[in-house]
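This briefing concerns the protein structure shown below. It covers confidence, selected strand residues and selected loop residues.

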Amino acid sequence: MDTMSVSSQTWIHKPCPSNRDNNAKIEYNNGTITVDEEKYDTSCIGICNTRRKIVVSIPNDYKTNYELKFKSGDLKSNIDLSGNNMAISTMSGNISLSTIGEAAIATMSGDVSLDKIVGSIAISTMSGNIRIDSFNIISNSTISTMSGDVRIRNISDCYIDTSTKSGDVKVSNNDRKSDIVLKIETSSGDISIK
């Protein structure tokens, strides 16, 4: 599994376990940082516990749009990215971020955990839970998951439009007259908004 995180701003990417050296190629071109790993096969007998990570450091005052794409791996950031516009996608991996602004997040199989959102979001996952601890929503947003729960605490005033095929829905303080709409859809998962 891969992971990417952030400290002076530092993104940490933990790639799949391997018994080979890290052959990542990191390039910077026209404001875009590209991290590309050589594809390899891994074989183990017994327990495989080889973890690697790729660290990309970015100056603290660097404000721009981020576009991060992974085939498999976790993305982790502990810094304030509220001034940035982010597009994040991964095939299989968890996404865990601290403070973000505008964001589009997509994962096929993985959980999405966000400490704080100041802006608007579009989140989708096929099989994974979505957790948001604080959401200051400023424009229409969407959250969808096929099989996973959606849990949001401390959301600002908005109309929460929910739909689920097989799951429980609990929504507190829903303002049907609000101009801002948060649309949440699940196929088989609970929705809890407090």
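A residue is termed exposed when its relative accessible area is over 50%, and buried when that area is under 20%. With a relative accessible area of 52%, Asn154 is therefore exposed. The structure is a predicted model, and its confidence is set out first.

**Confidence**
- The protein chain has a mean pLDDT of 80, with 70% of its residues at 70 or more.
- Mean confidence is highest in strand E13 (residues 150–152), at 98, and lowest in strand E1 (residues 3–4), at 44.
- Residues 1–10 have a pLDDT below 50, although this stretch has 67 contacts in the model beyond near neighbours in sequence.
- Where pLDDT is low, the predicted coordinates should not be read in detail.

**Strand residues**
- Asp133 belongs to strand E11 (residues 130–137), and its side chain forms a polar contact of 3.4 Å with that of Arg153.
- Beyond neighbours within four places in sequence, Asp133 is in contact with Leu114, Asp115, Arg153 and Asn154.
- Thr145 lies in strand E12 (residues 141–145) and is buried, because its relative accessible area is 4%.
- Leaving out residues up to four places away in sequence, the contacts of Thr145 include Ile130, Val150 and Thr186.

**Loop residues with positive phi**
- Most residues other than glycine have a negative phi.
- Asn154, in the loop between E13 and strand E14 (159–164), has a positive phi near 55 degrees.
- Asn173, in the loop between strand E15 (169–171) and strand E16 (181–186), has a positive phi of about 55 degrees.
- Asn173 has a relative accessible area of 72% and is therefore exposed.

Key
Residues are numbered from 1 along each chain as its sequence is written. Side-chain values use heavy atoms; hydrogens and water are left out. Helices (H or I, at least four residues) and strands (E, at least two) are DSSP runs, numbered from the N terminus. A polar contact is a pair of N or O atoms within 3.5 Å; within protein, one must be able to donate a hydrogen and the other to accept it, and residues adjacent in sequence count only if both atoms are side-chain atoms. Contact means heavy atoms within 4.5 Å. pLDDT is the predictor's confidence in each residue, from 0 to 100. Buried means under 20% relative accessible area, exposed over 50%, partly exposed in between (1.4 Å probe, protein chains only).
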